[in-house]
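Work through the exercises below with the sequence and the model open. Each task is followed by a stepwise solution.

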Amino acid sequence: MPYPIEHKLVIGIASSALFDLTASHQVYLEHGPEAYRKYQEEQIATVLDKGVAFPFIRRFLSINKHHPQSSPVEVVLFSRNSPETGLRVMNSIAHYGLDISRACFLTGQSPYTYLPAFNTSLFLSANEEDVRNALAAHHPAGLVLPSRTEDDDADGELRIAFDFDGVIADDESETIFKRNNDVGEFHAHESARVAIPHQPGPLADLFRKLSAMQQLEEDAQRDDPSYKKILRIAIITARSAPSHERVVTTLKSWGVSANETFFLGGMEKARVLSIFKPHMFFDDQLSHLQSPAGNIPMVHIPFGVANR
């Protein structure tokens, strides 16, 4: 039997992150809700273009295809549309063959209050207000930033990259650095607390559950050496030695790890991202969410001292 939803890794996705709703949103802004409703009804048979989060979601759902007996992941659609205007979104989901069956249509209301009901470990949206509301209510959420969508069907791997402070971990150490912008003070603080794990950040639960998915892959490969792993996780942080040790301490205390970890010491993260090519990169600082090529899906986590 598939896992009940309370035991699954669940991602909530807004239609604004999954599909390109630029034209629809422009109709709403310029002509109001009634014109928007009529436009969506007229366009109901027109499939929406893929949005920034589409390649990530498609690959995430493929985890179930590799583990059909348990189907350990799920995606739930959260939409400000009404069920009537949301039909075009559901038709587009069906067109692309995405296994998304649960949906919330809230007719103009923010969906964040319903995230716990679906056991969501992440809510992705292009609506900044909804993301900030979710984080303020202590729900994990990220703002999907505009970028070019690239979805290589021949690439079956799912690559996810995380910043550490303010994303996986809390913003305790970032607060120390921001106080005087003093790297020496930051390193001294971390060295003094090297044996003390950080408290979890907004995406800690997501990271832990992705680690459990990796264990599923380890088990599958042990049972079948021909099994090809699909999930690859990286931590890309501006930290460097000696502050790297507390990162290791924290992850070890949680019983998790990443496939690849980069301590860049302030070097531009885009240099590593352009090689790793994640399908999603999560960071709490907008200054780090830049790709010279403009084709790396970026998610801003507007949490903690870096966003006050």
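**Exercise 1: the buried area**

Domain 1 and domain 2 bury about 1900 Å² between them, with 76% of it on carbon and sulfur atoms. Buried area is the accessible area (1.4 Å probe) lost by two parts on being put together, summed over both. This is a predicted model: local features need pLDDT of at least 70, side-chain atom pairs count only at pLDDT 80 or more, and totals for chains, interfaces and linings use all residues. Residues are numbered from 1 along each chain as its sequence is written, and side-chain values use heavy atoms, with hydrogens and water left out.

Task: Find which three residues supply 27% of the area that domain 1 buries against domain 2.

Solution. Start with the bounds: the domain assignment, automatic or from a database, gives domain 1 as 5-144 and domain 2 as 158-300. Next, take the contact (heavy atoms within 4.5 Å): 25 residues come from domain 1 and 22 residues from domain 2. Leu-9, Phe-56 and His-67 supply that 27%, more than any other three residues.

**Exercise 2: the side of domain 1**

Task: State which element gives the largest share of the side of domain 1 that touches domain 2.

Solution. List the DSSP runs (helices, H or I, at least four residues; strands, E, at least two; numbered from the N terminus). H4 (54-66), S4 (120-125), H6 (128-136) and S5 (141-144) each supply at least two residues. The largest share, seven residues, comes from H4.
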